[in-house]
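Hello,

Here is the structure I promised to pass on. Please have a look at it first, and then read on for what turned up.

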Amino acid sequence: MEFASFADRAAAIEDVPSDTETVELVADLFVGAGEDLDTVARFIQGRVFPAHSATKLDVGPALCHAALAKAAEPNVTPADIEDRLAAVGEVGTVAEGLTLGGQRGLGAFGGGSDGGLTVAGVDAALRGLAAADGPGSTDTKLDTLFGLFNRADPTEARFLARLVVGTMRIGVGKGTVRDATAEAFGVPVDAVERAIQVSNDVGLVTETARQAGEAGLEDVRLAVGRPIEAMLAQAGTAVDALEEWDRVAVETKFDGARIQVHHDGERTRLFSRNLEDVTDPLPEVVRSVEESLDVPAILDGEVVAVDEAGSPRPFQDVLRRLRRKHDVAAAREAVPVEFYAFDCLHAAGEDLLDAPLTERHARLSELLGDGDGEGAEGGDGEGAEGGVSELRIVDSAEEIASLEEAALSAGHEGLMVKNPESAYTPGDRGRNWLKRKPDAETLDLVVTGAEWGEGRRANYFGTFLLSVRDGEGFRTIGKVATGITDEELERLHERLRPYVRSESGTELELEPAVVFEVGYEEIQRSPTYSSGYALRFPRFVGVRSDKAPDDADSLERVDRLAE
Ligand code: AMP
């Protein structure tokens, strides 16, 4: 498929206001995509790689702006591109407004036979770009992007730029792709949904639907080594749980980082909640899994940092371990971790997603040979402590309260209450898992803006504008400036700087990228912010590095809390 046809379709999709029309246009695009279907299905969502892939394009705004400036009319500099971006707020529109291609003949990438860009060519060029590594790789990346932009017409440039920075902004989310696949290839929506959940690869699913229909989709299975989205929890009370289900499964809520374990029978790989490969930073977890498991399995659990006495440390400590690339042995010494497995998605060739929680948990205990959460059996002391979480089935508020007290006094965060009959639904923030936090509530909010500090803090961002998730967008709910030490402020500044979209006076607009955990005393109705609410006495608790903006708390949750 010519990249120009893809871009024209994307423009048409962006222009239609209604969801039904969007689905129809995307379905049409899928039917016409031919051999490029899997790539088109990813591109239309702004992805170059499948969601399960650890490979990232890793093109920052600066590189993209430099490539655009190079391909643009003479005298356009990267700083001009940034000025235009500040004025229009979105890189696609900036790219579209440039006169690209002045240096025709210099770009050798992404080609079709007649010299135009093709979807396959752009895909190959961007994959090459992601693979570039080592000294000189920035120049190679710049050349590749320049080569693409230099040959793009205005509409192509608009969508190419958005693809490169990873945001399509045409209102095509997961649900649209699912519905469009169903419509395009005459298969049930549920079958598409399930196949996307178990493969985490829309390209594979659209292609399977096209070639093998419903039967093909039903044959899509979990694969060891291909991480899927984690099942998520909502906030809830014990009373909710007891009202909704006859019996309640209660488990400790570990304050650590979510880990998906993939064991192929011999080797183990670990993935974080954002599906990054974190095998290397956690050798002791790998070791204890490899010692305990002798069949292929996919497990879900939490890795927790502990002190010398084995008591949990704050989850920020475990994040330090996850990020550590060098000197892992020293980090391991400084921050020991424990791994608690709480779910089993696949065991010995059998997918267990549809089995009830109690059955999955029983399989987990069988596999790891440890039902008490008091440390993996055997081993040589080189593996991580931890084991299988204890799952207690109860039916009274008193039992839940006493389990909660026990969890808290052991230094854990609190309790999870789960529906014992429920299936494992990847990526779903349903009501089958409820998290019960003992403290005053906190919210996980996306930073969408900042203000420069004053006085001693004048060189840093000092106040942060916070937003809640609302569908695919974000709505502001307040500002936070308290609870942040000078050191943290400096780190936050560095961390947020790459996401500045525009600046006016002392205020900056930021790309939604970083999630803060924020405590508060009360939620009030307020016309000041676009969510319709404001937080009273907001207090910075920490950065949720393990969460993407899509995992932030929703307006719906705030609605419920405000009630
Ligand atoms: P939150 O991060 O506050 O949204 O709470 C949900 C998270 O709690 C999950 O994503 C897990 O990482 C974590 N968690 C800790 N213990 C458990 C458990 N026993 N079952 C499920 N999730 C847990």
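Leaving aside its neighbours within four places in sequence, which residues is Ile 44 in contact with? In this predicted model, the partners of Ile 44 are Phe 6, Ala 10, Ile 13, Leu 29, Phe 30, Met 168, Ile 170, Val 172 and Val 177.

In general, nonpolar side chains in soluble globular proteins tend to be buried together.

As for the overall layout, the protein is divided into three parts: domain 1 (3-165), domain 2 (234-436) and domain 3 (442-562). Between the C-alpha centres of domain 1 and domain 2 the distance is 40 Å.

Helix 1 (residues 3-15) packs against helix 9 (residues 154-165) with the axes 8 Å apart and at an angle of about 80 degrees. Angles of 65 to 115 degrees count as roughly perpendicular, and helix 1 and helix 9 are therefore described that way. On the helix 1 side, the residues that meet helix 9 are Phe 3, Ala 4, Ala 7, Asp 8, Ala 10, Ala 11 and Glu 14. Helix 9 brings Thr 155, Glu 156, Arg 158, Phe 159, Leu 160 and Arg 162 to the contact. By class, that makes seven nonpolar, one polar and five charged residues.

Helix 11 (residues 189-199) is worth a look too. Its buried residues include Ala 191, Val 192, Ala 195, Ile 196, Val 198 and Ser 199. Among the elements that cover the buried residues of helix 11 are helix 10 (174-185) and helix 12 (202-218).

Finally, is His 52 buried or exposed? This residue sits in the loop between helix 3 (37-43) and helix 4 (61-71). The relative accessible area of His 52 is 17%, so His 52 is buried, the cut-off being under 20%. Not counting residues up to four places away in sequence, His 52 touches Ser 199, Asn 200, Asp 201, Arg 226, Pro 227 and Leu 275.

Note on methods
Residues numbered from 1 in each chain as written. Predicted model: local features only at pLDDT ≥ 70, side-chain atom pairs only at ≥ 80, totals over all residues. Heavy atoms only, no water. Axes fitted to C-alpha atoms, helices over the stretch in contact; angles between N-to-C directions. Helix = DSSP H or I, 4+ residues; strand = E, 2+ residues; numbered from the N terminus. Parallel < 35°, antiparallel > 145°, perpendicular 65-115°, else oblique. Contact = heavy atoms within 4.5 Å. Nonpolar A, V, L, I, M, F, W, Y, C, P; charged D, E, K, R; others polar. Buried < 20%, exposed > 50% of the residue type's maximum accessible area, 1.4 Å probe, protein only. Domains from an automatic or database assignment.
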